[in-house]
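Biologist: Please put the model up. I would like to go through it piece by piece.

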Amino acid sequence: MYQLRDYQRTAVDNVVKFFKRSREPAAVVLPTGAGKSLVIAELARIAKGRVLVLAHVKELVEQNHEKYVSYGLSAGIFSASLGKKERRHKAIFGSVQSIARAPEEFFEDFSLLVIDECHRVAEDSDTQYQEVIRKLIARNPGLCILGLTATPYRLGSGWIYERDPTGECRSEQPRFFKQCVFELPLTYMIKNRFLTVPIKVDIPVTSYDFSELSESGRMYTADEVEEILKSQKRLTPLIINNIVDITERYQRQGVMIFSSSVRHAEEILSYLPEGQARLVVGDTALGERDRIIAEFKARKFKYLVNVSVLTTGFDAPHVDVIAILRPTESNSLYQQIVGRGLRLAPEKKDCYILDYTGMGHDIYAPEISDKRPAKDTVAVQVPCPECGFENSFWGYADPDGIVLEHFGRKCRGLIQDASSGLLSPCGYRFRLKLCPGCGAENDVTAKSCGKCAAALTDAEAKLKQAKLSKNAHVLTPDRITFEERLDKNGNPYLEIRYYDYDARYLSEAHFFSNPSSIKKFNINFLRSHLRRPELALEFRTPKDVIRFQALFRLPAFVIARKQDRFWKITEKVFAEEL
């Protein structure tokens with residue numbers, strides 16, 4: 001009989017506790033190699049009714065079923081591609097395509113639905129997943145629905161669930177999965193030696209240049225990728241030579257190469273050692289694909305080239321080199337690719353991740369709505385001044401862990417209504433854009449007010465207009481200085497200068513002579529310049545500001561406009577607005 005690891009036991013316990021009080025769809029996030037099959041097995045074993053385990057490809061159906069029955073448990077398979085349509089077992093493992101076409105009587109008596117690779121469940125009601133779910137719920141309105149995935153986010157829409165295990169609001173948009181009840185980071189698996197250590201190697205000397213794709217800020221097409229590869233065709237043999245050299249020099253055992261297209265894969269195959277490489281693409285016949293994969297697992301050849309077909313449901317533990325020759329916008333897909341090489345195997349110490357795309361994806365970092373502002377930023381904990389929730393934002397911290405600056409915009413905490421028990425987002429904004437019409441708070445990048453729909457000033461449009469105007473000057477500041485000065489009546493004021501790289505500067509003056517001027521400074525300067533905008537600070541003298549000048553940050557651009565013979569600063573644009 002199997003024995004659960006501590007984290008697997010916690011995952012099962014959290015699922016059970018959640019479904020005892022709720023029938024909302026829930027999710028569990030486990031990295032590749034964390035043993036999802038054991039969690040599924042234990043949940044199926046303790047379930048009071050029948051259990052249906054869905055997957056999108058036959059490899060996953062077969063893999064999950066094999067693991068399940070290896071624990072001494074009985075289960076059936078319902079999958080046309082596997083040639084079986086068994087219905088009588090307590091646990092059924094099936095492909096979503098076959099289950100969606102199953103006869104109506106098949107859907108009786110299920111108490112638990114488990115969806116593997118649940119990030120594939122779209123919100124659209126017109127999908128096979130949703131069709132299966134509707135049929136099951138029609139017969140059992142109290143159906144428990146659990147999704148499991150290693151990558152809980154979808155390109156373009158973000159997190160697949162609304163709330164994480166800590167109570168953080170991941171999505172304010174409705175999601176099919178409401179609550180993530182357990183999440184295990186990849187770092188835990190590697191640190192505790194449940195997975196192999198990945199060693200990422202960026203190779204700029206022999207790397208494709210996909211920068212025009214990554215910098216375009218939009219989704220790109222296969223034709224665009226193909227065009228770039230065609231223009232850089234001379235690099236492919238150099239890249240393959242580099243892969244082979246590393247493989248032979250460091251005595252690597254199994255190499256998976258991820259290519260961009262069939263044409264690209266065929267070109268890659270032509271440069272690999274004869275007799276030591278095979279190719280699997282979407283059109284490869286199933287029987288032929290199974291034979292190639294079996295031979296690769298048996299180590300009859302060393303290099304396996306594929307095009308978008310072996311990112312999930314593939315398990316070859318001896319793989320110790322992952323070579324990425326295809327660009328991807330999705331960090332989740334990148335992590336799935338890397339995961340193919342992280343299984344443990346005898347005498348395997350690590351796995352080389354050879355990245356020839358220059359896309360800069362992170363093996364560990366999830367794909368979140370907030371873009372990482374710089375490579376040297378780290379995750380920092382920032383409490384909300386309204387609800388107290390500890391937000392995780394990108395930012396900077398000193399060696400003692402004290403947060404120096406963060407780039408969070410909005411609190412992700414949830415507030416529970418005392419009477420109804422319903423949860424709603426806190427909504428506190430760390431950085432904001434005020435609507436001049438109704439005074440509502442909006443996100444700094446908003447182009448229209450969320451309350452009154454009035455058009456808001458767009459930072460990029462503002463910059464473009466200023467650069468074209470003869471009476472405007474746009475300065476890119478390199479540093480900022482604070483000095484106390486005296487006016488002609490001997491009253492102190494604060495002069496702030498913004499210097500560019502050529503030591504040219506623009507300046508502004510702030511007076512602290514009365515409560516009105518103090519309030520004006522605190523509103524106009526502090527709110528946008530504080531590295532930590534949630535800090536409740538109020539400065540009453542220029543000396544106060546100078547003493548705490550380390551708390552302030554530079555804008556990305558300063559815009560000044562000509563007034564008589566002088567330039568007056570009228571607007572500032574910060575990085576998060578662009």
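Predicted model: local features only at pLDDT ≥ 70, side-chain atom pairs only at ≥ 80, totals over all residues.

Modeller: Residues are numbered from 1 along each chain as its sequence is written, and side-chain values use heavy atoms, with hydrogens and water left out.

Biologist: Which residues of α13 are buried?

Modeller: Helices are DSSP runs of H or I, at least four residues, strands runs of E, at least two, both numbered from the N terminus. Buried means under 20% relative accessible area, exposed over 50%, partly exposed in between (1.4 Å probe, protein chains only). In α13, residues 459-468, the buried ones are A459, K462, L463 and A466.

Biologist: Why do the buried residues of α13 line one face?

Modeller: The arc is taken from the directions from the helix axis to the C-beta atoms. On the other side of α13, K464 and L468 are exposed. The buried residues line one face because, seen down the axis, they fall within an arc of 100°.

Biologist: Which strands do the buried residues of α13 pack against?

Modeller: Contact means heavy atoms within 4.5 Å. By that test, the partners are β25 (472-475), β29 (557-563) and β30 (566-573).

Biologist: How many bridges join β29 to β30?

Modeller: These two strands run antiparallel. V558 stands opposite K572 in β30. The bridges joining β29 to β30 number seven.

Biologist: How many disulfides does a search of the whole structure find?

Modeller: A disulfide is a pair of cysteine sulfur atoms within 2.5 Å. The search count is zero. C387 is in no disulfide, and its nearest cysteine sulfur, that of C411, is 3.6 Å away. At 31% relative accessibility C387 counts as partly exposed, while C411 is buried at 3%. So the number of disulfides found is zero.

Biologist: Is R252 buried or exposed?

Modeller: R252 is found in the loop between α9 (235-249) and β13 (255-258). Leaving aside residues up to four places away in sequence, R252 touches several others, including K302, D320 and D350. Its relative accessibility is 10%, so R252 counts as buried.

How values were computed
Pairing = 2+ DSSP bridges.
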